[in-house]
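Subject: Structure handover

Hello,

Here is the structure for you to look through. Please open it first, then read my notes below.

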Amino acid sequence: MTAVTVVVAGAGAFLANNLSNAFGPDSVCSGTVSADALTAALGSGRVSEHTYGNGQLRSGTASCVATVSRGIFGNDRSVTVELRENTGLSALADDSGARLFAASANGGAAGAASDHRAWALLPEGCGSGLRVTVSSGDDGPGARELAGLSVAVANQIAGQRTCESTPMPAPHVLSEAGTDHDLNHSAICGLPGFTLPDLPGNRGLRETATTATDPLWACHIHTDANPGPSVSFTIGTEPRLLTSVAPKDEPGLGRARWVGPDEMVTSCQGKPTVFRLSWDGAQKLIPNDDETWKQFLAAGGKAIGCEPIL
């Protein structure tokens, strides 16, 4: 009987070690990723990590791969976690198809998520330009799970930096994902008043735009060719997204002022708001001229509830 008891106990401990995190760490990645948050997103299993770079995740000098494994059963699931600093809107042009979560509807949590990638801003007390990114492989757990994990990591980093004491809740209100469809020349990116002549050189274009405008609005226009030229329109509506937005000492358009070669800043409902155009490819699908900027500022500003800019 004793031998049987020992065997059963040993088998139970073996399974617990391989099917759960019963004997594993409470957190990984320098304490920024809790085992509970990781398994809530990726499912149960044993938690481990691998860190890259010199430093710690909370300082923005390292990235970390956090893994949940099922031991002898395989099926490891991993996410790469990073703290991005001062990346601005230039890094968010590809978020046109993401699901957004706004601070006003999610207890202060703000960011974007897709099935394989999510990011969340650090709390307001931590300053601007700081966001946690979480990315997975093709077998990602889904947008809502990654959104929750990114916010959980943002809370942990905020606590370590002692810049915020009240954790943000997991986001529960996410917008619908943007979908790719034919470009509407009479309302580019779904913005009434933003038009483009239907000329032979710009036929066959496709567009994807976010279905919400907070914490950002983004639209990506591209050709059917892969790879091919593209253009992205982005509006940063959440102040925590923005880094330096000091206007240049040169004329702008209406109330908007240049802050970079592809960015203009203005105020909307008392908050700084940045408009950005970026081109990828030598062929310009849409002209980079005052007329394009004026239509973007007017139509985009109206869409986000901004006072007239021009």
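Where is the place of Thr162? Thr162 sits in the loop between α3 and β10 (181-182). More on that residue further down.

First, some ground rules. This is a predicted model, where local features need pLDDT of at least 70, side-chain atom pairs count only at pLDDT 80 or more, and totals for chains, interfaces and linings use all residues. Residues are numbered from 1 along each chain as its sequence is written, and side-chain values use heavy atoms, with hydrogens and water left out. Helices (H or I, at least four residues) and strands (E, at least two) are DSSP runs, numbered from the N terminus.

Start with the strands. Strands of a sheet pair through backbone hydrogen bonds, either parallel or antiparallel. Here two strands pair if DSSP finds at least two bridges between them.

Now walk along some of the pairs:

- β3 and β4 (residues 63-69) run antiparallel and are joined by 7 bridges. Tyr52 stands opposite Ser63 in β4.
- β7 (residues 111-113) pairs with β8 in the antiparallel sense, over 3 bridges. A hairpin of 3 residues joins β7 to β8. Ala113 stands opposite Ala118 in β8.
- β8 and β9 (residues 130-136) run antiparallel, with 5 bridges between them. Arg117 stands opposite Ser135 in β9.

β8 (residues 117-121) is mostly covered, as 4 of its 5 residues are buried. Buried means under 20% relative accessible area, exposed means over 50%, and partly exposed is in between (1.4 Å probe, protein chains only).

**Helices α2 and α3**

Two packed helices are described by the angle between their axes and the distance between the axes. Axes are lines fitted to C-alpha atoms, for helices over the stretch in contact, and angles run from 0 to 180 degrees between N-to-C directions. The axes of α2 (residues 35-42) and α3 (residues 143-160) come within 9 Å and cross at roughly 170°. That makes α2 roughly antiparallel to α3. The cut-offs are these: under 35 degrees is roughly parallel, over 145 roughly antiparallel, 65 to 115 roughly perpendicular, and the rest oblique.

Which residues make the contact? From α2 they are Ala37, Leu38 and Ala41, and from α3 they are Glu145, Leu149 and Ala152. Contact means heavy atoms within 4.5 Å. By class, this contact has 5 nonpolar, no polar and 1 charged residues. Ala, Val, Leu, Ile, Met, Phe, Trp, Tyr, Cys and Pro count as nonpolar, Asp, Glu, Lys and Arg as charged, and the others, Gly among them, as polar.

Next, check the length of α3. At 1.5 Å a residue, its 18 residues should span 26 Å, and its end C-alpha atoms are 26 Å apart, which agrees. The expected span is 1.5 Å times one less than the number of residues. Buried residues in α3 include Leu146, Leu149, Val153 and Ile157.

**Helix α4**

The buried residues of α4 (residues 290-303) include Trp293, Phe296 and Leu297. What covers the buried residues of α4 includes β12 (216-222), β13 (230-236) and β16 (271-280).

Most residues other than glycine have a negative phi, and most peptide bonds are trans. Look at these exceptions:

- Thr162 is not a glycine, yet its phi is positive, near 50°. Thr162 counts as exposed, at 68% relative accessibility.
- Gln269 has a positive phi of about 50° and is not a glycine either. Gln269 lies in the loop between β15 and β16.
- The peptide bond from Asp214 to Pro215 is cis, with omega near 15°. Pro215 is in the loop between β11 (206-209) and β12.

Is Ser96 buried or exposed? Ser96 counts as buried, at 5% relative accessibility. Ser96 lies in the loop between β5 and β6. Leaving out residues up to four places away in sequence, Ser96 touches Gly178, Thr208 and His220, among others.

Best wishes
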